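Student: Please take a close look at one chain for me. How is it built, and what does it touch? Keep it brisk.

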Amino acid sequence: MWAIEVENLSKVFRKTTFGRRQEEWALKGVSFRVAQGETYALLGPNGSGKSTLIRILSTLLLPDAGRVRLLGLPLPQEERKVREQIGRVSVDAAFYKKLSPRENLLFAAQLYGIPPKEAERRAMAILERLGLETRRFGDPLEEMSRGMQQKVAIARALLIRPPLLLLDEPTTGLDPKSRREVQGFLEELRREEGTTILLTTHDMAEAERLAHRIGFLARGSLVAEGDARALKELAGAQDLEEAFIRLTGEAFAQEENHDS
Amino acid sequence: MIRRVLLPMWAFVFRDFHLTRRYFSWVVVFTFYAIVNAATIALIGVAQEDFRLTLTLVLGALLWSYLSAMYQEIANSIAYERWEGTLEYTFMAPVSRLVHLLGVSLFATFYSVVRTGVILLGLALFVDLDLSGANLWGVLVVLLVGSLAFMGLGLMAAILPVMSPENGAQATNILQGVLLLVSGIYYPVSVLPPWLQPLAHLSPATYALEASRKLMGISHPGSSPGHLVGAPLGAVLPELLTLFLMGLLFIPLGLWVFARAERWAKHTGKLKRTG
């Protein structure tokens, strides 16, 4: 069974500026599938449509065309059931910054119907595994480093033990030690829990280390997919970055403004 | 039931309680301002040496403080989420909007009651209030029934920050201002320009005030500064029924309007962390 099935997915954002109607295609007919227990990485520069795709899968955005099924459930028809089974980590750790990790995690857990004691036990186990000092569990999150905040964000996503994890650049901005800890934890999660992971990243090494398969996303289109070796062979390239540039005609440093 | 309704509803109470605790200095500042504001209004009645006017102004200030605090807590709940950057996470949780609204409203009611009590205590420092004879329990019943309609109005106003991340939060204040103007909080509705008076009938605050004034005995000819002749609850049944029906209409209407706005936001991409 497929954990993620995406078929001809398109999304366009329309806006009117000074009476002129403009259209920006964030996704153009994207199709891919991810098997249960697989880790799939989407690589693409800013504005390639990665975050739009993650938002659609997270039930926060409705596509203009195409079909999505998560864990066999169609979206948006089975929105609630899907929401009960997905965890998400976004590029910025979105929290109530005045609240402590404990308060933020207990709030999130209760939203998903997890009793506070059980949530606290699970959160402590995850945070300890991620190397967060648990004595700081009661301090406001705004007093914590970006790395620590991101570990709490990962703990929040894992509290419900989701069979499907959507990670939108989860290690961007982390120091090398924190990045390694998070990557190690994701590998362990996949190995021990069989969690399916969809990961978007800029980091080629991260994609190569974590993902079974990689998709190259450029200007809203999925240009190529396969395992790292197959992509390099297909492009006749020495490394993934070179393969990306050859296959998409786009450099990774390129900045665009319409990532949504 | 516990997993799907009670725990998620309690989550919002838990969150809002801890946010209030963490932003306590702001709560103190706003409450201090509310006490001073209520006192300056009540002192107009004291200066006129008119106990009926003083009580009308005190009642108006307290009732408006309660209803507006509740309205603001609900109407701004979306704007707060966007400001904190947590909007997407709350909206992707498997929680129905009704449970979401009930959780936010539960804390808003608790918070508004405590805040109004503190303002009443603060007012006692400025105005000699003798409420013996007033039907205060009846006023409490009116407030609680009136809260339902204000929850619905708050929910309808909460769509504004969803639809316009830039200006929506400010627009909720316009609706609140209109309610303050047309509901006759500090004056009879009859002094409003005739073209504005029909709007008073649409505001739940109008009926809550009319009922509360009767229950306090403000207009009763037998009331005196030392002893008020408050009406029994049965005397305000028409107002209570109107308030209840408004709640019955406004809450489902608010949920329906909110669901439409949420769907629109999901189409246009407005349901974002920062807008």
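Tutor: Domain bounds here come from an automatic or database domain assignment. For chain A, that assignment gives domain 1, which covers 1–85 + 164–260, and domain 2, which covers 93–161. The C-alpha centres of domain 1 and domain 2 of chain A lie 25 Å apart.

The model is predicted: local features need pLDDT of at least 70, side-chain atom pairs count only at pLDDT 80 or more, and totals for chains, interfaces and linings use all residues. Residues are numbered from 1 along each chain as its sequence is written, while chains are lettered from A and ligands numbered from 1 in the order written.

Start where the two domains touch. In domain 1 of chain A, 9 residues are in contact (C-beta atoms, placed from the backbone, within 7 Å) with 8 residues of domain 2 of chain A. Which element supplies the largest share on the domain 1 side? Helix H6 of chain A, residues 176–193, does, with 4 residues. Helices (H or I, at least four residues) and strands (E, at least two) are DSSP runs, numbered from the N terminus.

Now pick out A:Ala155. Set aside its neighbours within four places in sequence. Among the partners left in contact with A:Ala155 are A:Leu105 and A:Ala123. A:Ile126, A:Leu127 and A:Leu130 are in contact with A:Ala155 as well.

Next, the sheet. Chain A has an open sheet of 4 strands, ordered S2-S1-S4-S5, and the pairing is antiparallel. Strands pair if DSSP finds at least two bridges between them. Strand S2 (20–35) and strand S5 (73–75) of chain A are the edges, and each pairs on one side only.

Take the S1(A)–S4(A) pair. These strands run antiparallel and are joined by 5 bridges. Here A:Val6 stands opposite A:Val68 in S4(A).

Then move across to S5(A). Strand S4 of chain A, residues 65–70, is joined to S5(A) by 3 bridges, again running antiparallel. A:Leu70 stands opposite A:Leu73 in S5(A). S4(A) and S5(A) form a hairpin, with 2 residues between them. One residue in the turn, A:Leu71, has a positive phi of about 50 degrees.

What lies across this part of chain A? Helix H1 of chain A, residues 50–57, lies across strand S1 (2–17), S2 and S4 of chain A.

Chain A puts 27 residues in contact with 27 residues of chain B. On the chain B side, helix H1 (2–22), helix H5 (87–91) and helix H11 (237–268) of chain B are the elements that give two or more residues. H1(B) gives the most to that side, with 11 residues.

H6(A) gives 4 residues to the side of domain 1 that touches domain 2. The sheet of chain A is open, with S2(A) and S5(A) at its edges. Across the chain boundary, H1(B) gives the most to the side of chain B that touches chain A.

Key:
Axes are lines fitted to C-alpha atoms, for helices over the stretch in contact, and angles run from 0 to 180 degrees between N-to-C directions.
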